[in-house]
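Me: I would like to learn how to read a fold from its coordinates, one feature at a time. Please give me the general idea first and then the case at hand.

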Amino acid sequence: MPFAPYRHKAQYYETDTMKIVHHSNYIRWMEEARVDMLEQMGLGYDVMEKDGILSPVLSVSAQYKSMTRFPETVAVAVRLTRYTGVRFELAYEIRDEATGALRCTGESSHCFIGADGAPLSLKRKFPAWDALFRRYAEEAK
């Protein structure tokens, strides 16, 4: 896997009265893992936004497999599964760090837009970044 997993320790405020993490937090952890993945690529949101690129979420889904409890630590593995130059898709696996038990899987899709909100092609505007995304997408196959 080309990306180091993102680690997150479940916080008490993320849980319900049974100390089980609320389902909405898994989506947040996927967001944190995506930000971390982009930083590992050298293209963190701060870098992209400085160059006028935004990357909104188009869709996100999660399939819950087992419960995460406070204060467990999870490892979020993320893979770049599809890249078109304008859009990209990611797959996530969230596992208990200590046992390896699968807690959740998920997917998200995103696009690139300029500050004006219009779709932006990395291939045309940022060919080096396009090559980087293509390389990671190929490695994930």
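Me: In which sense do β5 and β6 pair, and over how many bridges?

Reply: Strands of a sheet pair through backbone hydrogen bonds, either parallel or antiparallel. Here β5 and β6 pair in the antiparallel sense over 9 bridges, where two strands count as paired if DSSP finds at least two bridges between them, and where helices (H or I, at least four residues) and strands (E, at least two) are DSSP runs numbered from the N terminus. Within this pair, Leu90 stands opposite Ser108 in β6, and the hairpin has 5 residues between its strands, with Gly100 in the turn at a positive phi of about 80 degrees.

Me: Before we go on, what kind of model is this?

Reply: This is a predicted model, in which local features need pLDDT of at least 70 and side-chain atom pairs count only at pLDDT 80 or more, whereas totals for chains, interfaces and linings use all residues. Residues are numbered from 1 along each chain as its sequence is written, and side-chain values use heavy atoms, with hydrogens and water left out.

Me: Which residues do β4 and β5 span, and how do they pair?

Reply: Strand β4 (residues 73-83) and strand β5 (residues 87-96) are antiparallel partners over 9 bridges. Across this pair, Arg79 stands opposite Ala91 in β5, and Val74 stands opposite Asp96 in β5. The hairpin has 3 residues between the strands, and Gly85 takes a positive phi near 105 degrees there.

Me: In what order do the strands of the sheet lie?

Reply: The open sheet has 5 strands in the order β1-β4-β5-β6-β3, with antiparallel pairing. Because β1 (6-9) and β3 (57-64) stand at the edges with a single partner strand each, one side of each is left without a neighbour in the sheet. Neighbouring strands are turned by 20 degrees against each other on average, direction ignored, the axes being lines fitted to C-alpha atoms (for helices over the stretch in contact) and angles running from 0 to 180 degrees between N-to-C directions.

Me: Where do helices α1 and α4 lie relative to the sheet?

Reply: Helix α1 (residues 24-41) lies across β1, β3, β4, β5 and β6 (102-111), and runs at about 115 degrees to β5. Helix α4 (residues 127-139) packs on the sheet by touching β4 and β5 (contact means heavy atoms within 4.5 Å), and its direction makes about 110 degrees with that of β4.

Me: Which residues of α4 are buried, and which are exposed?

Reply: An α-helix has 3.6 residues a turn, so residues three or four places apart point the same way. In α4, Trp129, Asp130, Leu132, Phe133, Tyr136 and Ala137 are buried, which is to say under 20% relative accessible area, with exposed meaning over 50% and partly exposed in between (1.4 Å probe, protein chains only). Seen down the axis of α4, these buried residues fall within an arc of 160 degrees, so they line one face of the helix; the arc is that of the directions from the helix axis to the C-beta atoms. On the other side of α4, Pro127, Ala128 and Glu138 are exposed.

Me: Which residues does Phe133 touch?

Reply: Leaving aside residues up to four places away in sequence, Phe133 touches Leu38, Met41, Leu43, Leu80, Tyr83, Phe88, Phe112 and Leu122.
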